[in-house]
Amino acid sequence: YASIIQMAFLLYLGEYVHARHLWRRHRSNNTSSTSDDESNQLSMFWTAAKYCYLWSTGGISSSLNSTDDDESSNLPYSTLMLRSLQSNVESSLEPLATYSKELVSIFRYRVNDRLRSSFDDIREDEFMLRMNLNSSDSGDDVFGRYGWQRAPGDVSHLVPNQEWKSPVDVGGGGNSAMSTDGDRIHQLSEVVMFLEQTKMNA
């Protein structure tokens with residue numbers, strides 16, 4: 001299942017172009033040495049990877065993609081990305097589910113980081129949608145976990161808590177190639193950290 005681990009690492013590092021190359025290479029060179037289960041898991045991972053890429057490039061909603069069905073045609077890419085990763089978690093297929101579970105948490109904080117930098121004020125329902133949170137996840141405790149608080153005088157809106165510090169390193173969202181030795185060392189260290197987090201949370 002090396003291809004699953006490689007895909008997880010590439011998504012964690014934000015190397016979406018390399019993730020696409022991995023998928024294309026595996027699809028075109030698929031041989032009997034690769035199990036049907038591994039191929040199926042990689043296909044499911046690639047579905048999530050596509051939305052990770054589209055979200056990272058600043059796309060707003062999937063209506064830009066004519067291949068999406070009616071139900072998802074107007075959803076933000078962040079929602080589709082997190083839903084796809086969560087679907088992988090719920091599949092219970094290993095190692096896909098384990099790596100996807102870690103990535104759901106990491107990417108949700110990355111989405112939150114972008115929302116905090118983009119919005120001085122956001123409706124609660126829009127925040128919940130973009131973060132792919134359901135009604136059981138709502139409440140001041142949840143909003144506080146991601147550095148938001150209810151707007152004074154308008155409880156349906158949220159504003160960033162400027163004193164909040166993210167408990168998660170949301171790095172790895174870039175698309176830059178690993179060009180220098182310093183970049184390689186930094187990204188390899190991130191891979192090790194990701195692997196250790198996954199092992200502890202398994």
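Me: How many salt bridges does the structure hold?
Reply: The structure holds four salt bridges. Please keep in mind that this is a predicted model.

Me: What makes the pair of Asp125 and Arg123 a salt bridge?
Reply: The closest N and O atoms of Asp125 and Arg123 are 3.0 Å apart. The label asks for a side-chain nitrogen of Lys or Arg within 4 Å of a carboxyl oxygen of Asp or Glu, so the pair qualifies. As a general point, side chains of opposite charge can pair when their charged atoms come close.

Me: Why is the pair of Arg123 and Glu126 called a salt bridge too?
Reply: Here the closest N and O atoms are 3.7 Å apart. Arg123 and Glu126 belong to a network of salt bridges that links Arg123, Asp125, Glu126 and Arg130.

Me: Is Glu126 buried or exposed, and how do you know?
Reply: Glu126 has a relative accessibility of 17%. Buried means under 20%, so Glu126 counts as buried. Arg123 has 41%, which lies between the limits of 20% and 50%, so Arg123 is called partly exposed.

Me: What makes the salt bridge of Arg150 and Glu124 a link between distant parts of the chain?
Reply: In this salt bridge the closest N and O atoms are 2.9 Å apart. Arg150 has 29% relative accessibility, so the term for Arg150 is partly exposed.

Me: Which strands are the edge strands of the sheet, and why are they called that?
Reply: Three strands make an open sheet, in the order S1-S3-S2, with antiparallel pairing. Strand S1 (122-123) and S2 are the edge strands, as each pairs on one side only.

Me: How do you know that S1 and S3 are paired?
Reply: S1 and strand S3 (residues 154-160) share two bridges in the antiparallel sense. Pairing requires at least two bridges, so S1 and S3 meet the requirement. Within S3, Leu158 stands opposite Ile122.

Me: Why are H1 and H5 described by the word they get for their relative direction?
Reply: Helix H1 (residues 2-13) and helix H5 (residues 96-118) pack at an angle of about 5°, and their axes are 10 Å apart. Angles under 35 degrees count as roughly parallel, so that is the term for H1 and H5. Residues of H1 in the contact include Ile4, Phe9 and Tyr12, while those of H5 include Leu103, Phe107 and Arg110. The residues of this contact divide into 11 nonpolar, no polar and one charged.

Me: What makes the peptide bond between Glu94 and Pro95 stand out?
Reply: The bond that joins Glu94 and Pro95 is cis, with omega at about 10°. Most residues other than glycine have a negative phi, and most peptide bonds are trans. Pro95 is placed in the loop between helix H4 (77-90) and H5.

Me: What is said about phi of Ser92, and is Ser92 buried or exposed?
Reply: Phi of Ser92 is near 65°, a positive value in a residue other than glycine. Ser92 is found in the loop between H4 and H5. The relative accessible area of Ser92 is 56%, and exposed means over 50%, so Ser92 is exposed. Asn132 has a positive phi as well, of about 55°, although it is not a glycine. Asn132 lies in the loop between H6 and helix H7 (140-145).

Me: What is the make-up of the whole chain?
Reply: The chain has eight helices and three strands, and along the sequence they follow the pattern α-α-α-α-α-β-α-α-β-β-α. Buried residues make up 44% of the 202 residues. Among contacts between residues at least 6 apart in sequence, 62% join residues at least 24 apart.

Conventions: Residues numbered from 1 in each chain as written. Predicted model: local features only at pLDDT ≥ 70, side-chain atom pairs only at ≥ 80, totals over all residues. Heavy atoms only, no water. Buried < 20%, exposed > 50% of the residue type's maximum accessible area, 1.4 Å probe, protein only. Helix = DSSP H or I, 4+ residues; strand = E, 2+ residues; numbered from the N terminus. Axes fitted to C-alpha atoms, helices over the stretch in contact; angles between N-to-C directions. Parallel < 35°, antiparallel > 145°, perpendicular 65-115°, else oblique. Contact = heavy atoms within 4.5 Å. Nonpolar A, V, L, I, M, F, W, Y, C, P; charged D, E, K, R; others polar.
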